[in-house]
Amino acid sequence: MVQSSSLFALAGLIAYISARPSSGPRAEASFEGIATFNDYSFQLETQGSTVCGGTKSLQPLKPGVFGAAAGDLSPILSAGLCEGSQNTTTPSYNMDLCTMEGGRAPDANTYSGPPCPHARCKPATCYKVENIGPVGSTKGEVLGSTTVQIIDGCPAGSAWNYCKTQYEPEARCSSPTTEALDLDFNAYSVLYPGKSYSSGNPEGNANLHIRITPTKC
């Protein structure tokens with residue numbers, strides 16, 4: 001997935017405690033969703049921060065744990081709506097902001113994206129993520145797995161996401177019925193051994209069907 005606002009997905013989000021409260025991930029054993037990927041180093045360089053902070057947010061508690069953003073419309077993953085997001089299948093967003101990349105992105109010099117709640121920052125929230133097949137193929141056996149820590153929000157109401165009309169809503173954190181995780185792109189080769197991902201130039205279909213299981217950080 002191309003650069004998201006939180007983003008992860010997805011903008012330089014200024015953390016604030018608001019929106020609906022969250023007591024952390026539900027106790028369900030596992031659930032399925034969609035994984036997209038984001039270059040968080042580029043995001044921090046151009047946008048300044050993530051919901052959970054600056055560069056330290058890219059250094060999770062344990063080696064081998066990757067940063068991720070949770071879609072703010074996700075029924076289970078969400079810690080609350082980011083400012084301006086609309087929890088509906090027919091949202092109305094300001095497309096006048098989509099002035100770059102042929103109307104598929106906002107101007108990074110004038111647009112930073114909306115703030116999101118930081119309810120998942122402390123205590124840290126982590127998930128085991130298993131790749132069960134590329135989007136566009138039949139879901140099946142586990143191809144690879146890793147652990148991710150939520151460091152950001154992926155807001156449906158950010159122009160970094162809703163301008164990407166070339167993608168289905170599920171692939172831009174804009175579906176209120178999909179569990180969306182936007183992962184640091186370095187996790188791609190771990191989830192999909194033998195495959196590689198580089199920002200803006202994925203090998204094959206970069207988005208993955210995933211199984212998500214709450215775990216300790």
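In what order do the strands of the closed barrel run? The 6 strands follow the order 1-5-2-4-3-6, with mixed pairing. This is a predicted model, in which local features need pLDDT of at least 70, side-chain atom pairs count only at pLDDT 80 or more, and totals for chains, interfaces and linings use all residues. Residues are numbered from 1 along each chain as its sequence is written, and side-chain values use heavy atoms, with hydrogens and water left out.

**View 1. The closed barrel of 6 strands.** On average, neighbouring strands of this sheet are turned by 45° against each other, direction ignored. The axes are lines fitted to C-alpha atoms, for helices over the stretch in contact, and angles run from 0 to 180 degrees between N-to-C directions. Strands (E, at least two residues) are DSSP runs, numbered from the N terminus; two of them pair if DSSP finds at least two bridges between them.

**View 2. Strand 2, residues 65–71.** Of its 7 residues, 7 are buried (under 20% relative accessible area, 1.4 Å probe, protein chains only). In a regular strand, side chains alternate between the two faces of the sheet. Val65, Gly67, Ala69 and Gly71 lie on one side of strand 2, and Phe66, Ala68 and Ala70 on the other.

**View 3. The two partners of strand 2.** Strand 4 (residues 144–154) runs parallel to strand 2, joined by 7 bridges; Gly67 has Gln149 as its bridge partner there. Strand 5 (residues 180–184) pairs with strand 2 in the antiparallel sense over 3 bridges, and Asp182 stands opposite Ala69.

**View 4. Strand 3 beside strand 4.** Strand 3 (residues 126–134) is antiparallel to strand 4, with 6 bridges between them. Thr146 in strand 4 stands opposite Val129.

How values were computed. Buried < 20%, exposed > 50% of the residue type's maximum accessible area, 1.4 Å probe, protein only. Helix = DSSP H or I, 4+ residues; strand = E, 2+ residues; numbered from the N terminus.
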